[in-house]
Amino acid sequence: MLTGWQLILSKLFIIPQRWVMAIMGFLAVANAYTMRVCLNIAITQMVHKRVHSATGNDGSCPADDVADVAVNPTEVTGYDWDEATQGIILSAFYYGYIVTHLPGGMLAERFGGKYSLGFGVLCTAVFTLLTPWAVSAGGATGLIILRVFEGLGEGTTFPALNTMLARWAPINERGRMGSLVFGGAQIGNIAGTYLSGLVIKETGEWQSVFYLFGAVGILWFILWALLCYNDPESHPFISDKEKKYLEEALGSYRNSQPSAIPWKAIFMSVPLWALVCAQIGHDYGYFTMVTDLPKYMTGVLKFDIHRTGTLAALPYAVMWLSSIIFGWICDKLVKNNWLTVTNARKTFTTIASVGPGICMILASYSGCDTTAVVILFTTSMGLMGAFYPGMKVNALDLSCNYAGTIMAIVNGIGAITGIIAPYLVGLLTPDSTLVQWRWVFWIALAVFIVTNLVFVAWASGEEQWWNNTSEDPKKQQEAEAGNNHSVNAEVKL
C-alpha cells in the first residue's frame, strides 16, 4: 500500500506511470539523436565549399544562390576537409557506439535500465558541450576522438530502454509504447536538423548548436533521475491499480534475472540472426539518410543552410507520425487475431524495407526537381516508420528476460553500418553529383531487399525457449528440439 505522500504524488500524475516512463524514454532517444545528428548540419558550414561547374554530363544542379551557401564564409567554413575526411568524421561516433552496447545491456539487466540509460545520455551531453573546444584544439583529429567518446556514452541507450520496456510494457501495448519510445529518434532528427539550421543562420556560428543540445541533454537527465524507476515494484508512487495490472499483464517477470546468460543458445537462435539481418538493412538505409541527407541537399540541390535544416527535418516528422500510426495498426491487427505476432513483424518490416528503397531511387532520378525530391525522400522516411512495430520491437518478442542483451547484440551489429555508410558515401561522391549519388541509393535498395528476405524467411514473433532456461537439462533439450522443429516447418512452408 502507498504511504500518504506517495498517494499524493500518484494523484498528481494524470497518465499512468508506464506511460510516464515511455514519454521520458521517448525524450531520451530524442535528446540522444539531436546530439548525434546536429553535426550533420554543422559540418556543412564548418568546411570549405567546393563548387563544381555543371557540365550537363553528371547531372549537377545549378547553384543560383552561391552567396547564400555559407552563412559567413570567412569565419564558418574554415576547415579544408575533403569528402572522405568528412565521411570519417561522421562515422567516428559509431566506433564508440557499438562498443558499449553489450556491456550496457548486461548492466541494465542486472541493475536496471534507469542509470545505465541516464548516465549514458549525460556523458553524451557533456561531450557535446565540449565539441567546439575539441575542434578548435585538435581540428579533424580532435573531433573524431570526441565523437568516439560520444558514441561510447550513447551506446547504452537502446539496450537500457529495451530492458525498461520489458519491465513496463504489456504485450498488447508493446507496439504503441515501442513506437513512441523509439520514434523519439525522429523527433531528435527533426530538432537536430531544423534547429541546427535555424540557430546557425541566426547566430552565424556553428558552435551554438552544440551548446544548445548539450544543455538540453543535461536537463533531461535531471528529470529522468527524479521521475523514472527500473520497474513497477521499485516505483515509490505508482498506483496500486496500475501495479496490479502490470503484474498480471507481465506475468512473473521481476528484477531477478537468471545468473548465467545462455550465450550458446542465443547465438545459435535462427530468429535472432534474422532480426540482426533486418537491423542491418534498416540501419544502413537509415544512417545513409540521417547522416548524408543534409550533404545531399547542400551539395547536390544547392540549398542554403536554413532551407537545408527545414527540409531535411520534414522526412523525420513524417516518419515519427507514421511510426505512431503503424504501431496502432499493428497492435490492432494482433489484438483482433487478424495477424499473428510473427506475421505482423514480417509484414511491417517488409513495408519499411522495400518502400523506402524504391523512393530513394526515384528521388535520385528526379534530377533537380526539388519538390519531387523532397516529396520522395519524405515518403521514403514515412514508410520507414513501419520498422518500429516491425523488427524494432521483435527483440522483446524473442526474450523479455534478456531484452537488454538481445537489443545490444542486434543494435550493436546493425550500428556497424553507421561506420560503413558515411565513409562509403564520402568515397562514392567526391564531387557530390547526382550520378555519383545514384550509386549510393542503388546500394541502399539492394541492402534493404536482401536483408528483408532473410527476415521474412526466418523471423519469429514467439518467445524463444532459452528465455526461461530450466535447471533440468532434459527440459532444455526438449524445448530446443521443439523450437528447431517449428523453424524447419516454417522454412518448408
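Q: A crossing is left-handed if the near helix is turned anticlockwise from the far one by less than a right angle, and right-handed if clockwise; is the crossing in which α13 passes α20 left-handed or right-handed?
A: This is a predicted model, in which local features need pLDDT of at least 70, side-chain atom pairs count only at pLDDT 80 or more, and totals for chains, interfaces and linings use all residues. Residues are numbered from 1 along each chain as its sequence is written, and side-chain values use heavy atoms, with hydrogens and water left out. The helices (DSSP runs of H or I, at least four residues, numbered from the N terminus) are α13, residues 270–299, and α20, residues 416–428, with axes that come within 9 Å. The crossing of α13 past α20 is right-handed.

Q: Why are α13 and α20 described as they are in orientation, and what is the term?
A: Their axes (lines fitted to C-alpha atoms over the stretch in contact, with angles from 0 to 180 degrees between N-to-C directions) cross at roughly 45°. Angles under 35 degrees count as roughly parallel, over 145 as roughly antiparallel, 65 to 115 as roughly perpendicular and the rest as oblique. The pair α13 and α20 is therefore oblique.

Q: How many residues in the contact of α13 with α20 are charged?
A: The contact (heavy atoms within 4.5 Å) includes Asp-283, Tyr-284 and Asp-292 of α13, and Ile-420 and Leu-424 of α20. In the classes used, Ala, Val, Leu, Ile, Met, Phe, Trp, Tyr, Cys and Pro are nonpolar, Asp, Glu, Lys and Arg charged, and the others, Gly among them, polar. The residues of this contact comprise eight nonpolar and four polar, while the charged ones number two.

Q: How is α2 oriented relative to α3?
A: Helix α3 spans residues 83–97, and its axis comes within 11 Å of that of α2, crossing at roughly 175°. That angle makes α2, relative to α3, roughly antiparallel.

Q: Which residues of α2 make the contact with α3?
A: By class, this contact has seven nonpolar, two polar and one charged residues. On the α3 side it draws on Gln-86, Ile-89, Leu-90, Phe-93, Tyr-94 and Tyr-97, and on the α2 side on Arg-36, Leu-39, Asn-40 and Ile-43.

Q: Does α5 pass α7 in a left-handed or a right-handed crossing?
A: Helix α5 (residues 113–129) and helix α7 (residues 157–168) have axes that come within 8 Å and cross at roughly 155°, which makes α5 roughly antiparallel to α7. The crossing of α5 past α7 is left-handed.

Q: How many nonpolar residues does the contact of α5 with α7 have?
A: Among the residues in contact are Lys-114, Leu-117 and Val-121 of α5, together with Ala-160, Leu-161 and Met-164 of α7. Alongside three polar and one charged, the nonpolar residues of this contact number five.

Note on methods: Helix = DSSP H or I, 4+ residues; strand = E, 2+ residues; numbered from the N terminus. Left-handed = near helix turned anticlockwise from the far one by under 90°.
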